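Q: I have this model open and would like to learn how to read its features one at a time. Please give the general idea, then the case at hand.

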Amino acid sequence: MMKKEKFLLIMPDYSDFPKLFVDNLTKAGFEPFLITDKVSKFKYRGLESVKNLFIKNIFRDKGYKQKLINRHFEEELERNLSAIGSQLDYTLVIRPDNFPVSFIKKLKEKTSKLIAYQWDGIEKFPEIKQYFDLFDTFFCFEEVKNQHNIKQITNFYFDHLPPFYKEYNTENPKLYFVGLYWKSREEKIDTFINEVSGFDVNISIFIQYFTEPERKNSKITYIKNRITFEENLEHVKNSDILLDFVDPLHNGLSIRFFEGLYYHKKVITDNITVKNYDFYHPDNIFIVENDNYKNIEQFLKKPYYELSEEIVKKYSFSNWIREIIK
């Protein structure tokens, strides 16, 4: 029996994502290990709390406690790393900017190949630029010019989850979107709702906010708590069309396109770059541009166009992971 390659995944403790990654790594034939940014609660040691009070009140320096918290975070990460014991074949860090540079440097000693994936826009989190050269290869779902070790790669769908097919409803299709509140895209979501409300559609839009929006649209459900990935997938399965409103600080494709591929869902988007992909078909993906909302009605009535299995498989997580370790 072939020995399984050891694969360490390091990522933010974000919703139920770490478990999905680990389960899919297992399906892809690896022995997975996981470290997230969720560590034990910080506690003062010895006289540190007294020292903090003194520094804060006498020297007006509020940074001492933060330094202690940062030290604790790094020590915990290193403790979790040394608990793995064995040498690793691959280490993948997702959103490296959530982890200290010194910790990333320690990973180098422990692994044969150190890889990064930035699943959010580079300009959205510009600190990430300091991390580019720490990795053997750095992947991003956007194109980054003039950087030798940065490669563009698309997002993917999790293929360890079973596919699910529901007949596309041409009579009264259900449109679904969930996303974070961004002031910059509020207007276009409102415009979209106004423009398509006259058609025979069922619109289901969830917006998660941290600070309550000043103005609310009665056709949107505003939520405080994040929908888990599994909950989101239930909505995806029950819908006919996924909506995609591009984040102005992104220039890649969101995960919605790949969920659409796997679960046979149409997509309505304002991301015109999707035209350049091999899975683009005008019956399945409608691009909102130049105020062409009236053409959506015709798009709604067309059945889903079945794509080849080869194209669909190309965007699976199992394929994606083999691509990045090459």
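A: Start with one side chain: Glu 31 counts as partly exposed because its relative accessibility is 31%. Buried means under 20% relative accessible area, exposed means over 50%, and partly exposed lies in between, with a 1.4 Å probe and protein chains only. The model is predicted, so local features need pLDDT of at least 70 and side-chain atom pairs count only at pLDDT 80 or more, while totals for chains, interfaces and linings use all residues. Residues are numbered from 1 along each chain as its sequence is written, and side-chain values use heavy atoms, with hydrogens and water left out.

Q: With which residue does Glu 31 form a salt bridge?

A: Side chains of opposite charge can pair when their charged atoms come close. The term salt bridge is used here for a side-chain nitrogen of Lys or Arg within 4 Å of a carboxyl oxygen of Asp or Glu. Glu 31 has Lys 6 as its partner, with 3.0 Å between the closest N and O atoms. Lys 6 belongs to strand β1 (residues 6–11) and Glu 31 to strand β2 (residues 31–36), so the bridge ties together parts 25 residues apart in sequence. Lys 6 counts as buried because its relative accessibility is 15%. Helices (H or I, at least four residues) and strands (E, at least two) are DSSP runs, numbered from the N terminus.

Q: How many salt bridges does the whole structure hold?

A: A search of the whole structure finds 23. One of these pairs is Lys 108 with Asp 136, at 3.6 Å from N to O. Lys 108 sits in helix α4 (residues 101–110) and Asp 136 in the loop between β4 (111–118) and β5 (137–140), so this pair ties together parts 28 residues apart in sequence. Lys 108 is partly exposed at 40% relative accessibility, and Asp 136 is partly exposed at 40%. Another pair is Asp 97 with Arg 95, at 2.8 Å from N to O. Asp 97 is buried, with a relative accessible area of 15%, and Arg 95 is buried at 9%. Salt bridges can also link up: Lys 183, Glu 186, Asp 190 and Arg 215 form a network of them.

Q: In what order do the strands of the open sheet lie?

A: Two strands pair if DSSP finds at least two bridges between them. Here 6 strands make an open sheet with parallel pairing, in the order β2-β1-β3-β4-β5-β6. At the edges are β2 and β6 (150–152), each of which pairs on one side only. From one strand to the next the twist averages 25°. Strands β1 and β2 run parallel and are joined by 6 bridges, and Phe 7 stands opposite Pro 32 in β2. Between β1 and β3 there are 4 bridges, again in the parallel sense, with Val 93 in β3 as the bridge partner of Ile 10. Strands β3 and β4 are paired in the parallel sense by 6 bridges, and Leu 88 has Thr 111 in β4 as its bridge partner. Of the 7 residues of β3, 6 are buried.

Q: What handedness has the unit made by β3, α4 and β4?

A: A crossover is right-handed if, with the strands pointing away from the viewer, the path from the first strand over the helix to the second runs clockwise. The β-α-β unit of β3, α4 and β4 is right-handed. Helix α4 lies across β1, β3 (88–94) and β4, at about 140° to β4. Axes are lines fitted to C-alpha atoms, for helices over the stretch in contact, and angles run from 0 to 180 degrees between N-to-C directions.

Q: Why is helix α7 described as largely enclosed?

A: All 8 of the 8 residues of α7 (residues 256–263) are buried, so the rest of the structure largely encloses this helix. Among them are Arg 256, Glu 259 and Tyr 263. Contact means heavy atoms within 4.5 Å. The buried residues of α7 pack against β7 (174–180), α6 (229–238), β10 (241–244), β11 (266–269), β12 (285–287) and α9 (309–314). After α7 comes His 264, with a positive phi near 60°.

Q: Is Arg 185 buried or exposed?

A: Arg 185 is buried, with a relative accessible area of 6%, and is found in helix α5 (residues 183–196). A polar atom of the Arg 185 side chain lies 2.9 Å from the backbone oxygen of Leu 180. Leaving aside neighbours within four places in sequence, the contacts of Arg 185 include Phe 177, Gly 179, Phe 245 and Asp 247.

Note on methods
Polar contact = N/O pair within 3.5 Å; in protein donor to acceptor, adjacent residues only side chain to side chain.
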